[in-house]
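Biologist: Could you walk me through reading this fold, one feature at a time? Let's begin with strand pairing.

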Amino acid sequence: MDMDGVLVHEEHMVPGADAFLADLHEHGLPFLVFTNNSVYTRRDLRARLHLSGLDVPESAIWTSALATAQFLDQQRPGGSAYVVGESGLTTALHDIGYVLTDRDPDYVVLGETRTYSFEAITKAIRLVEGGARFIATNPDEKGPSREGTLPATGAVAALIERVTGHAPYYVGKPNPLMMRSALRELKAHSENTLMIGDRMDTDVRSGLESGLQTILVLSGISDRDTAERFPYRPTKVIDSVADLAGRVEHPFD
């Protein structure tokens, strides 16, 4: 399931999300909480969710930073990267044995940060021009904040692409790669797994393209009218995850 818009809004729990998670625990159903945001580590996100009233273990959290690190570890083990991002991304790359450097790195890896530096972006541009492979954790162009819209990874990636002529490879949603890495983490099969999300363009699409059934909740970004404009449909549309409490074993009945 996605996190923002499904379980929480900023720092506040979506009403009924705690009952839904309790029902999953009671029935022993494994799950992962997804986020395209690469700023925070698993430990950080567990603490943030706990402050919202939700008890989610670190092992049940999966981020675009972790998916990106897993992808790079498979592609070029023990490599090097120049990172524009926060601790969630740098920690994930350190954990797989990557060296973070601005001297002839194998990759430029762009993630989320609330303090994009013109100097760091310029350095990334020059390294990509010099032959570093360009990776971005996710394609989200904007994100929410209490003050309003914030530019996100996809917007900064577009800037770097425009200057260098090199498009990044996006690892996070809607790339099915992130969904499949999560399935491996769960040791699950797509036939027995469903995706719950609040966005048609990322959550539902990535679930659909990975062979999962999908549930769109109306507690976040997409509404019923938005959903009807897409050429694909979720398996089911509900108001929020509160509607699944007490029926997690049979969500489509």
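Modeller: Start with Ile135, which stands opposite Tyr169 in S11. Strands here are DSSP runs of E with at least two residues, helices are H or I runs of at least four, and both are numbered from the N terminus. Two strands pair if DSSP finds at least two bridges between them. S8 (residues 133-136) and S11 pair in the parallel sense over two bridges. Before we go on: this is a predicted model, where local features need pLDDT of at least 70 and side-chain atom pairs count only at 80 or more, while totals for chains, interfaces and linings use all residues. Residues are numbered from 1 along each chain as its sequence is written, and side-chain values use heavy atoms, leaving out hydrogens and water.

Biologist: What is the strand order in the open sheet?

Modeller: The five strands run S6-S5-S7-S8-S11, with parallel pairing. S6 (99-100) and S11 (169-170) are at the edges with a single partner strand each, so one side of each lacks a neighbour in the sheet.

Biologist: At what angle do the axes of H3 and H7 cross?

Modeller: Axes are lines fitted to C-alpha atoms, for helices over the stretch in contact (heavy atoms within 4.5 Å), and angles run from 0 to 180 degrees between N-to-C directions. The axes of H3 (residues 64-75) and H7 (residues 176-186) cross at roughly 90 degrees and come within 10 Å. That makes the two helices, H3 and H7, roughly perpendicular (65 to 115 degrees; under 35 is roughly parallel, over 145 roughly antiparallel, the rest oblique).

Biologist: Which residues of H3 meet H7?

Modeller: Ser64, Ala67, Gln70, Phe71 and Gln74 in H3 meet Leu177, Met178, Ser181 and Arg184 in H7.
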